[in-house]
Amino acid sequence: MFLGLLPSLALIACGGKGAAGTATGTLDCTVTSLSVSPQNAAASHISSAPGNQQQFNAGPNMPMGCPPPPLPFDFATWSVSDPVNVSISNAVDSSRGTATCLGATAGAVKVTAAANDPRLAGGATVTGTASLTCN
């Protein structure tokens with residue numbers, strides 16, 4: 001639901017460029033990547049919830065001088081580099097972005113948030129990453 005609304009509001013709010021690249025103000029407030037927090041996390045695969053879980057959040061990286069979008073930037077699609085030992089929720093509720101350790105990992109697992117919309121970074125997919133170690 002927010003996917004179509006948020007980027008257009010962000011562009012209007014800070015005078016960015018539209019999908020066709022037409023300047024609507026002095027700043028180009030296009031979201032070019034996502035920041036993911038926490039950047040480095042650990043959880044225990046032996047524990048039960050919530051001890052075996054870590055909540056990740058994504059936010060827009062905006063150029064200096066641009067205000068953040070007026071709505072939560074929570075429509076990212078989440079993935080992990082080791083889906084055998086770590087699962088991550090893409091449910092449209094408060095569990096979105098919650099990683100669950102299913103087994104021990106050999107080092108850090110890459111957690112990726114991605115958003116794809118034609119008005120973001122000229123139609124590109126914007127991403128951000130963090131890491132999770134399951135002990």
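Predicted model: local features only at pLDDT ≥ 70, side-chain atom pairs only at ≥ 80, totals over all residues.
Buried means under 20% relative accessible area. Buried residues make up 38% of the 135 residues in the chain.

**Overall layout**

- Along the sequence, the pattern of the protein chain is α-β-β-β-β-β-β-β-β-β.
- Take the contacts in the chain with a separation of 6 or more: residues 24 or more positions apart account for 58% of them.

**How the strands pair**

- In a regular strand, side chains alternate between the two faces of the sheet.
- β2 runs parallel to strand β9 (residues 125-134), and four bridges join them.
- Within this pairing, asparagine 40 has serine 131 of β9 as its bridge partner.
- β8 and β9 are antiparallel and pair over eight bridges.
- Alanine 115 has its bridge partner in β9, namely valine 126.
- β5 and β8 also run antiparallel, joined by four bridges.
- Valine 80 stands opposite valine 111, which belongs to β8.

**The nonpolar core**

- In soluble globular proteins, nonpolar side chains tend to be buried together.
- Here, the largest nonpolar core has 22 residues.
- Leu34, Phe56, Trp78, Val86, Val111, Ala113 and Leu132 have the most contacts inside it.
- Two or more residues of this core come from each of β1 (33-37), β2, β5, β6 (86-88), β7, β8 and β9.

**The aromatic pair**

- A pair of aromatic rings is described by the distance of the centres and the angle of the planes.
- The structure holds one aromatic pair.
- Its rings belong to phenylalanine 56 and tryptophan 78, with centres 6.4 Å apart and planes at 40°, so the pair counts as tilted.
- Phenylalanine 56 sits in the loop between β3 (53-55) and β4 (57-61), and tryptophan 78 sits in strand β5 (residues 77-80), so the pair ties together parts 22 residues apart in sequence.
- Phenylalanine 56 has a relative accessible area of 1%, so this residue is buried.
- Tryptophan 78 is buried too, because its relative accessible area is 6%.
- Setting aside neighbours within four places in sequence, tryptophan 78 is in contact with a list of residues that includes Val36, Phe56, Ile88, Arg96, Val111 and Ala113.

**The disulfide**

- A disulfide is a covalent bond between the sulfur atoms of two cysteines.
- The count for this structure comes to one disulfide.
- That disulfide joins cysteine 101 to cysteine 134, with an S to S distance of 2.0 Å.
- The link is left-handed, with -75° about the S-S bond.
- Cysteine 101 is in strand β7 and cysteine 134 in strand β9, so the pair links distant parts of the chain, 33 residues apart.
- Both cysteine 101 and cysteine 134 are buried.

**Threonine 105**

- Threonine 105 lies in the loop between β7 (98-101) and β8 (109-116).
- Its relative accessibility is 13%, so threonine 105 counts as buried.
- The side chain of threonine 105 reaches the backbone oxygen of glycine 107 at 2.8 Å.
- Apart from neighbours within four places in sequence, threonine 105 is in contact with Asp82, Asn85, Val86, Leu132, Thr133 and Cys134.

**Two cis peptide bonds**

- Most peptide bonds are trans.
- The bond from serine 37 to proline 38 is cis, with omega near -5°.
- Proline 38 is in the loop between β1 and β2.
- Alanine 49 and proline 50 are also joined by a cis peptide bond, and omega is about 5° there.
- Proline 50 is in the loop between β2 and β3.

Notes
Residues numbered from 1 in each chain as written. Heavy atoms only, no water. Buried < 20%, exposed > 50% of the residue type's maximum accessible area, 1.4 Å probe, protein only. Polar contact = N/O pair within 3.5 Å; in protein donor to acceptor, adjacent residues only side chain to side chain. Contact = heavy atoms within 4.5 Å. Phe/Tyr/Trp six-rings, centres within 6.5 Å; stacked < 30°, edge-to-face > 60°. Pairing = 2+ DSSP bridges. Core = buried A, V, L, I, M, F, W, Y, C linked by side-chain atoms within 4.5 Å. Disulfide = S-S within 2.5 Å.
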